[in-house]
Amino acid sequence: MTEATLYGGVVNRRITVRDLQGAKDRGERWAMLTSYDMLTAALFDEAGIPALLVGDSAGNNVLGYDTTVPVTVDDMIPLVRGVVRGTKRALVIADLPFGSYQGSPQQALETAVRFMREGAQAVKLEGGRRVLPQVELLVESGIPVMGHIGLTPQSVNTLGGYRVQGRGDAGDLLLKDALALERAGAFALVLEVVPSELAERVTQELTIPTVGIGAGPGTDAQVLVWTDMAGLTPGPGPKFLKKYADLRSVLTEAVTSYSEDVREGRYPAAEHGYS
Ligand code: KIV
């Protein structure tokens with residue numbers, strides 16, 4: 001990529017955190033998606049998605065948990081490995097799971113190093129001012145950090161559910177968290193399920209990119225969980241979600257047809273090389 005636009009340039013190397021900063025400076029919006037495996041990562045990469053998050057939402061979408069709380073570093077490592085191997089261009093960001101960084105900056109560094117050794121180019125962690133020492137040490141150690149504030153699913157047990165964060169006076173505290181994370185060296189910030197006016201205010205006050213999910217149209221970038229966005233997850237999902245496909249119906253129809261064909265002796269058939 002010589003002229004470093006995220007979507008229009010010549011693409012022959014990995015996107016970097018500097019490219020994302022350049023996009024903010026130019027006012028270029030971008031899309032991030034989660035990815036948990038090599039096949040989807042390669043597809044999203046070829047489609048031009050500039051940043052892929054190996055999210056701990058793998059807990060709900062891959063491992064069958066109700067929350068992200070049980071997800072471990074050992075669960076996440078093979079997923080990061082697959083996404084890194086599947087991509088040539090996208091910036092791959094590894095989510096630090098619950099309990100793998102809150103203990104101390106040193107613990108955060110040890111966890112982040114494991115992901116960087118697998119080929120991730122950045123890590124993400126949840127929390128505001130309480131994780132500033134972690135962010136500072138990672139950045140000083142050469143590890144780009146994406147912050148994540150608002151609805152932080154790893155804290156679902158203290159938040160008392162998946163509800164909107166930052167309403168009223170809590171909005172000022174959230175802005176303070178955002179500014180503190182920027183000062184600590186975070187290269188971008190996820191704003192999850194916060195009022196859109198607040199997300200817009202944070203986006204205007206910060207020089208680093210904001211990445212919204214359920215935070216309205218005023219952020220620099222958007223992120224969605226790919227299984228939600230593609231209509232694989234059952235149910236309607238949250239109101240902010242746009243389903244761009246109905247993969248659940250497509251796959252259900254495909255596996256049902258396959259099963260019926262086998263039962264009825266229609267597959268395999270002559271066109272598959274059998275007489
Ligand atoms: O794990 C995840 O998928 C996330 C995004 C929703 C931001 O943290």
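**Figure 1. Arg-129 and its salt bridge with Asp-177 in the predicted model.** Arg-129 counts as partly exposed, at 39% relative accessibility. Its partner in the salt bridge is Asp-177, and the closest N and O atoms of the two are 2.6 Å apart.

**Figure 2. The salt bridge between Asp-74 and Arg-114.** The closest N and O atoms of this pair are 3.0 Å apart. Asp-74 is exposed, with a relative accessible area of 53%. Arg-114 has a relative accessible area of 38% and is partly exposed.

**Figure 3. The salt bridge between Lys-24 and Asp-220.** The structure holds 9 salt bridges, and one of them joins Lys-24 to Asp-220. Here the closest N and O atoms are 2.8 Å apart. Lys-24 is part of helix H1 (residues 17-26), while Asp-220 is in the loop between S7 and S8. The two residues are 196 residues apart, and the pair links distant parts of the chain. Both Lys-24 and Asp-220 are buried.

**Figure 4. Strand S7 and its pairing with S6 and S8.** S6 and S7 pair in the parallel sense over 4 bridges. Val-190 has Val-211 in S7 as its bridge partner. From S6 the chain passes through helix H9 (residues 196-205) to reach S7, in a β-α-β crossover that is right-handed. S7 also pairs with S8 in the parallel sense, over 2 bridges. For Val-211, the bridge partner in S8 is Ala-221. Within S7, Thr-210 and Gly-212 point one way, and Val-211 and Ile-213 point the other way. These four residues of S7 are all buried.

**Figure 5. The largest pocket.** This pocket has a volume of about 770 Å³. It is lined by 35 residues, of which Pro-153, Glu-192, Ile-213, Val-225 and Asp-228 are the closest to its centre. Helix H3 (58-61) and strand S6 (188-192) are the elements that give two or more residues to the lining. By class, the lining of the largest pocket has 14 nonpolar, 12 polar and 9 charged residues. Ile-213, named above among the residues closest to the centre, is also one of the buried residues of S7.

**Figure 6. The second largest pocket.** About 270 Å³ of space lies in this pocket. Of the 17 residues in its lining, Gln-222, Val-223, Leu-224, Met-229 and Tyr-244 are the closest to the centre. Strand S1 (30-34), strand S7 (210-213) and strand S8 (221-224) are the elements that give two or more residues to this lining. By class, the lining of the second largest pocket has 12 nonpolar, 4 polar and 1 charged residues. Two of the strands that contribute here, S7 and S8, are the parallel pair joined over 2 bridges.

Key:
Residues numbered from 1 in each chain as written. Predicted model: local features only at pLDDT ≥ 70, side-chain atom pairs only at ≥ 80, totals over all residues. Heavy atoms only, no water. 1 Å grid on protein atoms, 1.4 Å probe; cavity = no way out; pocket = protein on both sides within 12 Å on 5 of 7 lines; lining within 4 Å. Points joined across faces, edges and corners; volume = space filled by probe spheres on them. Nonpolar A, V, L, I, M, F, W, Y, C, P; charged D, E, K, R; others polar. Salt bridge = Lys/Arg side-chain N within 4 Å of Asp/Glu carboxyl O. Buried < 20%, exposed > 50% of the residue type's maximum accessible area, 1.4 Å probe, protein only. Pairing = 2+ DSSP bridges. Right-handed = clockwise from strand over helix to strand, strands pointing away.
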